[in-house]
Structures are given as structure tokens and as C-alpha cells.
Amino acid sequence: MATDNGIELPDGFSSASDYAAEVKRVYSPYAFLAQMHIVDFLVRPHWELLDVEWRDYFMSSEFDISKLIPLATHGQTDEACPHSLREFVSKMFSLQFPRQRIGDQGTSEERELVLKYFVDGMSEKKREEVVDLAALVGHVARDTGSDLVVDVGAGQGYLSRVVAYGRADAPRVLAVDFAEGQKRGAEVHQRRTLKRLKGKRAVAEGYQGPRYLESRLVHRVLRVDLESAGELATAAREEAGSGRWMLCGLHACGDLSSSVLKAFVESDAAAVVVVPCCYNHITEGPGAGFPVSSELRGVQFGINALKTACQATVRWESREQDTMAGFQRNYFRALLHYLMVTMGQLPMDAPFPAVGGVTGTELKAAEEHVGTVGGDDHAFAVYAYAALERLGVKWRPTVAQCVEARQKTSDGYRQMAVVWTLRSLMGPLIEGMLVVDRALYLRKHCGPAGGVRAFALFDAVTSPRNVVLVAWRGGRGGSSGLKA
């Protein structure tokens, strides 16, 4: 793993700009894969877009679909794999933005503190994220002399409470969310946490938090987007008074991450720490959420490619059963589209109806209409009835028509699984360009005393969106506040 002044890069690169240029070059000839929509796979010639040698290899009797999992997780190929395909897989892996976690930011004592007093409503995944990000935010706040941390997209306030109450020298926190319901929920959790922190157990166990706990954390409803980044900075400056302040965000969704970074760039904030997510909600174009740097200007992915960036092939092997079930869900959804188009219920070029996740209750209700057809024929017929019910479509195919459609497209299951895997391999490249775009944008605006870091903060399997962006404008120590 290499680095460019704090921006982690794959081996062989010393410049983030050079990395971005190479990823753009490699991505271009395979962009069709990332931009392909899987729903219309069975009514469009997507499969024929692949190299014929690749198609023959994947459709041969020697190739088992289960081999797609180690291919996606580790880049593992067998001896029969065509040279060009092996090169493609190797290149995808060699250009992935580094996802290996760089140490623990939180100490064992900080982790124990969270488990004792702050776990209300947190999943195990959320606990690990909050511990590490809260510790990192605290480091940066102390090093930059920030007396106030503005937690953007604070939700239920999990991160806000740990930052505000986790240490005796903790900064104050302004927790911002656009939803009044989230604010009310966070305030309920806050009251419960304060009750615990003031209780006999906390005192007996030596909890030493900041003084005047009630005033350490303030919640505010404020909508933050690319157009209102200035309003966020104004609210932060009012709350900070004459003190220094910084921004943070845990899994700031889509353009919210870009909005937080814009608020940092266009204000006097001392620092920003943000973990982006939900790349599929990023807008593209001049003045949009991507690109924000000059180095990536002119690049446009499209919604399907941005969805591809959200894939987590690192999880496929440890969750093999879920992965195989995902292949089947994709196939069933495309098969339903094929059935609706071929039966004249949906024009070929009509927008795809959004089915979403069909629930177990909906599937059980649909079984009453399907009868005793066996195997995959039964499973698809049940899915089709449940999905159409969910869509509010009155038309229903017969069970025989469902069976016939599945049998006519039986090769489609394997073909779709292959294409889904190949396009998922491109996800980390797209994510790498998104990360570097934002890091280069921040670097341009940090000033000579500041700096930028971009690295993996969380475990990638537990938290696939694990990359954090940190930028600062210097401070009391003039350092980044980061542990190596």
C-alpha cells in the first residue's frame, strides 16, 4: 500500500492524480458493465456485449457458478480462465482503493465506555463504527483546538453522544439532522444516557466526563444540501461563538458528504471528518456532488455505475448463502420484467417498476395462488405473484406461463450471475475515483498549514463503506490528530 501525503493508494502509485488518471483509463472500455441495468437483462442483448471467449468459458459445463464467489472476493481464477479475463480480474484488484483497516482509533478503555453507557439502539456494527470515529473526531478536535464539533446527519445521535460525553476534555457538539423525528428520538436517547452517566454506577466506576453535561450536546433541525452549505456554516459559527469548530459525519449519504465538504471549504471550519456512503444518491455534473475536483472533471458515471460502487464483494465469501440468494433475486426480478414485456403488459422502453424487497409475508400470501409446482418453477411463480401484488398490478400470469418463461431463460440465471459479478468487481474502482476526487478537492483548500487524509477506518467486511476523509487547516499542534 502506498500513500500520497496522507491519501492511501494501491501499490505502485505515489500520486493521487496519477491514480485517478489510471483508473479512468482502465474503467473506460469496461464502463458498459457498470452502466448496465440488470432488470432488463433478459430482454436486451447485454450478454452478447461480453467477449465471446469469456462467454464460452462461463457457459462451459466445467464452470460452476460457485466459482464466482472466490473470483469476486479474492480474484481467484482457474487454469481454464481466458488470459484476457484473468488480466481484467487482476487489473480490477490491483486498482482497488485500499480497504485494509489502519489500526484502531479507539482505545480499549474508550470501547469499554461505549459498551457500558452508550449502546442504546446501536447494532454491533454501529458500536464499532461509533467507537472508532468518535475517537478520531476527538483526536482531530484536540489537535486543531476545536471547541465545537458539528455532527451532520446526526440521526439518533449515536456518534454525537460519544463525542460529547466520552472524555473529560470532550468538545461540545451541535447535532444536525433534517428530520424533526430524528431530533426527538436523539433527545430521548440523550436523556437516558445522561441519567446513566449521573447514576451511582457511573460514579462508582470512575466515569469522568465533561462538566455541565446538559449543555454539551445541542440538537437542531436543519436541512443540509449543496445549496445550503452556507446555512450550515452560519449555524455552526453562531453556536461556536468565538471558538474554533469542525464538522463530522458518519455515513453521510450521497450528496450530503459533498455538502459537508463544501461547508468546510467555504467557511472558517478548522477541520472535517466524514465517512461517505450511498454513492447512488450522488448527483453528477457542474455544481453537483461529483466531480468536485479539477482532476476528475468530465467524468460521469450514471446511476447504475454509482450503484455498482455500493457493492461489497468483500462480503461474498463469508456470506455465501446470501450471495447465492442475491443471484436468484436478480434473476427473478429480470424474469418478471421479461414476462411482463413478452406478455404485452409493459412496453420494452417503459421505466422499470420498482419492486423492492418482497417480504416473507407477501411470499406466503402468494403461495396460496400458486399451488404445488416444485423447485425453482414454484419459487419464481410465488415471487411473480407477490411482486405484482406489491406493484399494484392487477394482471397475473398463469403458473404455466411462469414455468415456461423460466425454462426459456434458464441460461439467464448463470449469465446474470456472471455479469453481476464482473460489474461488482468494478465497484471499488468507481469508489476509488469518488474518494480521490473529494480528497483532491479538500487538499486544494486546506492551506499550507493543513492537510488531508483518506484511509480505511472500519473493518471492510463489517462496514463496507469504511473509508474516511479527514482535512484540517492546522491548529495548536499543527498535526492531523491521527493514529498510524
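In the predicted model, strands β3 and β6 pair in the parallel sense over five bridges, where strands are DSSP runs of E of at least two residues, helices are runs of H or I of at least four residues, and both are numbered from the N terminus; pairing requires that DSSP finds at least two bridges between two strands. Residues are numbered from 1 along each chain as its sequence is written. Because the model is predicted, local features need pLDDT of at least 70 and side-chain atom pairs count only at pLDDT 80 or more, whereas totals for chains, interfaces and linings use all residues, and side-chain values use heavy atoms, with hydrogens and water left out.

Within this pairing, V150 has L247 of β6 as its bridge partner, and L247 in turn is bridged to V272 in β7. Strand β7 (residues 271-277) runs parallel to β6 and is joined to β6 by seven bridges. Together, β6, α12 and β7 make a right-handed β-α-β unit, the hand being right when, with the strands pointing away from the viewer, the path from the first strand over the helix to the second runs clockwise.

Two or more lining residues come from each of β3 (146-152), α8 (158-165), β4 (172-177), β6 (244-253) and α12 (255-265), and β6 gives the largest share, four residues.

The largest pocket has a volume of about 1200 Å³. Its lining comprises 40 residues, of which G326, F327, R329, N330 and W420 are the closest to the centre. Helix α14 (320-342) is among the elements that each supply at least two lining residues, and α14 provides the largest share, 10 residues. Helix α18 also supplies at least two residues of this lining; T421 is placed in α18 (residues 410-425). T421 counts as buried because its relative accessibility is 0%, and T421 touches L68, L71, A72, W316 and F327, residues up to four places away in sequence not being counted and contact meaning heavy atoms within 4.5 Å.

Two cavities of 30 Å³ or more were found. The largest cavity has a volume of about 170 Å³ and is lined by 15 residues, with E110, A134, V162, G166 and R167 nearest its centre. Helix α7 contributes the largest share of this lining, five residues. The second largest cavity holds about 40 Å³ of space, and its lining includes A154, D177, K183 and R220.

Conventions:
Buried < 20%, exposed > 50% of the residue type's maximum accessible area, 1.4 Å probe, protein only. 1 Å grid on protein atoms, 1.4 Å probe; cavity = no way out; pocket = protein on both sides within 12 Å on 5 of 7 lines; lining within 4 Å. Points joined across faces, edges and corners; volume = space filled by probe spheres on them.
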